[in-house]
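Here is a friendly walk through a protein chain. Take a moment with the sequence and the fold, and then let us follow a few of the parts together.

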Amino acid sequence: MPKEKYDPPDPRRMYTIMSSEDAANGKKSYWAELEISGRVRSLSSALWSLTHLTALYLGDNSLSRIPPDIAKLHNLVYLDLSSNKIRSLPSELGNMVSLRELLLNNNQLRVLPFELGKLFQLQTLGLKGNPLAQEIMSLHQEHDGTRRLLSYLLDNLAGAIKHVPTEQPPPRSWISLQEPEQTRASALFSVMCYNLLCDKYATRQLYGYCPSWALNWEYRKKCIMQEILGCNADIISLQEVETEQYYSFFLPEMKEQGYDGFFSPKSRARTMSESDRKHVDGCAVFYRTEKFSVVQKHTVEFNQLAMANSEGSEAMLNRVMTKDNIGVAVLLEVRKEMMELSSGKSLQGMEKQLLLVANAHMHWDPEYCDVKLVQTMMFLSEVKNIVDKATRSLKLSSVSGDTNGIPLVLCADLNSLPDSGVVEFLSAGGVDCTHRDFKELRYIDSLTNFNCNGKNGTSSGRITHGFKLQSAYEDGIMPYTNYTFDFKGIIDYIFCSRPHLNVLGILGPLDPQWLLENNVSGCPHPHIPSDHFSLLAQLELLLPNLPQVNGLHLPGRR
């Protein structure tokens with residue numbers, strides 16, 4: 001467990017009594033600590049309403065039991081129950097996840113509830129003077145004994161509650177947003193975006209509230225595959241896919257299900273030995289081969305772009321170039337059979353219909369909002385280059401420079417909240433060069449290369465892109481896509497370009513009531529294999545109208 005700074009309460013507790021004069025003058029008192037002493041045998045139920053308490057001293061009394069309602073004191077950091085006559089502890093004590101110190105010395109405890117293992121922030125656990133099993137005491141007396149004992153309890157919790165297993169989460173509901181277009185031909189397909197939580201990041205140090213067996217990759221990968229196949233999407237964009245797992249697990253499994261894929265690891269892989277390289281994570285895109293065929297595959301390395309476009313900017317070299325995040329883009333051709341099946345019309349004579357799928361994972365650190373914004377600008381600029389080159393080389397009828405000539409689906413873990421410069425840039429089509437997320441660092445000269453119109457497009461003081469992007473998940477439909485103990489928020493997105501693509505429906509959030517009732521303080525969880533929730537959207541691709549002369553379709557230009 002991470003050892004953040006924790007200052008225990010001063011054992012030399014001092015008390016002051018408010019004078020009658022102060023009370024009469026309306027002076028307010030604030031106290032976050034409470035001591036109850038005097039050989040007390042039972043506790044008043046009124047105590048459990050004092051939810052503001054951070055420290056509670058109940059030592060040196062005659063308590064034989066602790067009511068389950070103690071868990072209502074969810075802000076408690078310090079709890080002293082030493083030197084009582086307590087024979088057993090309520091399992092609800094395990095829900096008091098703010099606790100850093102729990103003193104149970106000199107009681108009559110013979111067993112500990114396995115639920116205590118959920119106290120992942122606990123740094124001190126006092127157990128001396130209890131008739132506990134030798135196995136428990138030996139574990140506790142080892143080096144780093146508190147952590148070892150908590151891990152043991154948490155890992156055995158599932159076995160202890162097999163008779164009353166944690167309820168499976170209910171299915172996430174489907175939210176319909178609009179009906180398909182009736183007046184013109186269209187093709188329907190679905191897109192999934194999912195950060196898997198790479199094995200090397202799934203540690204007890206980061207996710208101390210999750211049993212180690214549920215963090216184990218062999219367990220999680222089965223649950224992840226169930227999630228992916230359960231969504232049954234036509235296009236699947238994944239982040240944090242380990243190189244070896246892509247080739248040994250995901251690609252073979254997905255090919256069996258009728259998909260093919262493309263993967264690129266983070267840039268650091270190119271400097272590593274073969275044995276180390278296989279543990280580097282990256283981004284993958286899978287597509288259903290009966291609906292799409294691949295035309296081009298691209299990898300976008302942000303550190304290479306930063307180096308090539310630094311224009312003397314120290315921030316670009318020192319902050320952006322040092323991060324090895326990447327993006328991938330796959331240019332797909334929509335199979336004519338799928339379009340005809342979906343639209344119910346013969347499309348004889350229609351030129352090839354392309355779709356560009358882009359997938360990226362931006363830098364994680366909240367302190368580097370400038371880097372995330374620059375990486376996003378780089379990615380959109382490269383996606384535009386891919387569209388322009390494909391339009392020219394494939395001799396499509398779209399006018400060169402029309403960014404919206406090929407429809408775009410952008411999936412990403414942006415590591416950025418909806419009010420960030422990253423999301424503003426994508427949604428609004430640009431941001432000011434003075435945006436707060438640049439942190440007043442000197443980026444302006446280096447960013448002109450990523451502008452929609454290159455160096456000629458900076459007169460307005462904005463960096464722009466030419467895509468008309470709409471987020472599939474709007475208006476706070478998902479309260480969070482990343483759900484951990486320390487952070488809960490929206491950082492994963494599916495964007496699609498208008499006017500070619502409409503969002504018909506999306507997969508809604510997991511029922512928050514289930515999380516509450518099962519005291520799920522964060523993910524991963526035995527039933528939720530990643531710290532991210534998957535996104536799933538059904539999209540409608542509007543097909544171009546075929547030219548007609550006297551009611552006859554003319555073939556489109558090849």
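In this predicted model, strand S12 (residues 326-334) runs antiparallel to strand S13 (residues 353-361), and 8 bridges join the two. Is S12 mostly covered or mostly open? It is mostly covered, with 8 of its 9 residues buried.

In soluble globular proteins, nonpolar side chains tend to be buried together. The largest nonpolar core here has 67 residues, and Phe-189, Ile-228, Phe-250 and Phe-286 have the most contacts inside it. Strand S7 (residues 186-195) gives the most to this core, contributing 6 residues. Beyond its close neighbours in sequence, Phe-286 is in contact with residues including Ile-236, Tyr-246, Phe-250, Met-254 and Tyr-259. Apart from this core lies another, of 45 residues, and Ala-358 is among them, as are Leu-354, Phe-438 and Phe-450.

Finally, visit His-465, in the loop between strand S16 (462-464) and strand S17 (469-471). Why does His-465 count as buried? Because its relative accessibility is 9%, and buried means under 20%. The side chain of His-465 reaches two backbone oxygens: that of Phe-425 at 2.9 Å and that of Leu-426 at 3.2 Å. Leaving out residues up to four places away in sequence, His-465 also touches others, including Leu-380, Gly-429, Gly-430 and Cys-452.

Notes. Residues are numbered from 1 along each chain as its sequence is written. This is a predicted model: local features need pLDDT of at least 70, side-chain atom pairs count only at pLDDT 80 or more; totals for chains, interfaces and linings use all residues. Side-chain values use heavy atoms; hydrogens and water are left out. A nonpolar core is a set of buried Ala, Val, Leu, Ile, Met, Phe, Trp, Tyr and Cys residues joined through side-chain atoms within 4.5 Å. Buried means under 20% relative accessible area, exposed over 50%, partly exposed in between (1.4 Å probe, protein chains only). Helices (H or I, at least four residues) and strands (E, at least two) are DSSP runs, numbered from the N terminus. Contact means heavy atoms within 4.5 Å. Two strands pair if DSSP finds at least two bridges between them. A polar contact is a pair of N or O atoms within 3.5 Å; within protein, one must be able to donate a hydrogen and the other to accept it, and residues adjacent in sequence count only if both atoms are side-chain atoms.
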